[in-house]
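This briefing is meant for someone meeting the structure for the first time.

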Amino acid sequence: MTEYDLIIVGGGPIGLACAIEAQKKNLRYLIIEKGAIVNSIFNYPLYMTFFSTAERLEIGNIPFNCLAPKPGRQEALEYYRNIHRYFNFSINLFEEVIGVEKQENSVFKITSDKKSYEARNVVIATGFYDIPIEMNVKGEELPKVRHYYKEAHEYAFRNILVVGANNSSVDAALECWRKGANVTMVIRKNEINNRVKYWVKPDIENRIEEGSIKAYFQSNITEIRENEVEIETLNGKVTIENDFVLALTGYKPDLTFLEKMGIQLSNDELKIPTYNPETMETNVEGLFLAGVVCGGMQTHKWFIENSRIHANMIVDSITSK
């Protein structure tokens, strides 16, 4: 069995950044990605626009050329595909890592759904887009309830309920409304989230104010039925006709996966993993975290532009030992 200096679990932008630094230091490395390259970006809504400008999404000092002020999903996929063409990564796609175990000889055994590997060091760069945060209400299991949104076409001319007030919820509500859907929003707080993209926030607020999109603030869904939804509002329960529920309530890292590897999580609702902020090494020696997974349930804390530096920190730590 080949013993790697480094195995990177996750082929997103930060996993690729780690591979670039490993190449620079002539480390024997492998990326293992359970889906397509930059799989999370591939699964974003078709017409999603990034909050960050193109240069803040760059890795490996390769320019990200984009005509628009903010790149969209298609431009990002093209950029990261070209990154792979340039660096020719050692990468296994559509292979899922199911276990990482440190053996008595301090070498990690990495088990996937296809084979096993050994490595002196492991980086977990798995992001957070795989597990939806569920509402835990009756009827959430119905086929009409969607935790992911791709595009508006199938929702045109239908009664749509969008849950949440973050970027994904607001984008979906506006796109569906513009395609002819009758859109209602259910928002737990009393306002649209302040982290919503600054050029989009006034748009959704104006649509709500003019009545084009109905919004129930400080409200929650209590039950989802085949043709209607029951909502607890400030003025009591209301029942509305409904064809689809877009429960865009956010996503979370696979925290169970981290715990199985021996990574300690904070003993509160944030579940922040233990790691050294100077090296990104966890409480398990040789096991590192990179990217958004470092924030536990604080999935807004780390993103591409402020976690690219994790790659340098990790590889510098490995090569200095």
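In this predicted model, the largest nonpolar core is made up of 67 residues, and Y80, F89 and I110 are the ones with the most contacts inside it. Helix α1, which covers residues 13-24, gives the most to this core, contributing 7 residues. Another core lies apart from it and has 27 residues, including Y129, A165, A172 and V183.

- When neighbours within four places in sequence are left aside, F89, one of the residues with the most contacts inside the largest core, is in contact with L16, A19, I20, Q23, Y29, I31, I83 and H84.
- E21 counts as buried because its relative accessibility is 13%, and buried means under 20%.
- Leaving aside the neighbours of E21 within four places in sequence, the residues in contact with E21 are A311, N312 and V315.

**The packing of α4 against α5**

- Two packed helices are described by the angle between their axes together with the distance between those axes.
- For helix α4 (residues 167-178) and helix α5 (residues 201-210), the angle is about 55 degrees and the axes are 10 Å apart.
- The two helices α4 and α5 are therefore oblique to each other, and their crossing is left-handed.
- On the side of α4 the contact is made by V170, A173, L174, W177 and R178, while α5 takes part through D203, I204, R207 and E210.

**Two loop residues with positive phi**

- N136 is not a glycine, although its phi is positive, at about 60 degrees; N136 is found in the loop between β7 (131-132) and β8 (145-146).
- With a relative accessibility of 67%, N136 counts as exposed, because exposed means over 50%.
- M280, likewise a residue other than glycine, has a positive phi near 70 degrees, and M280 lies in the loop between α6 (255-260) and β17 (287-289).
- Is M280 buried or exposed? M280 has a relative accessible area of 1% and is therefore buried.

How values were computed. Residues numbered from 1 in each chain as written. Predicted model: local features only at pLDDT ≥ 70, side-chain atom pairs only at ≥ 80, totals over all residues. Heavy atoms only, no water. Core = buried A, V, L, I, M, F, W, Y, C linked by side-chain atoms within 4.5 Å. Buried < 20%, exposed > 50% of the residue type's maximum accessible area, 1.4 Å probe, protein only. Helix = DSSP H or I, 4+ residues; strand = E, 2+ residues; numbered from the N terminus. Contact = heavy atoms within 4.5 Å. Axes fitted to C-alpha atoms, helices over the stretch in contact; angles between N-to-C directions. Parallel < 35°, antiparallel > 145°, perpendicular 65-115°, else oblique. Left-handed = near helix turned anticlockwise from the far one by under 90°.
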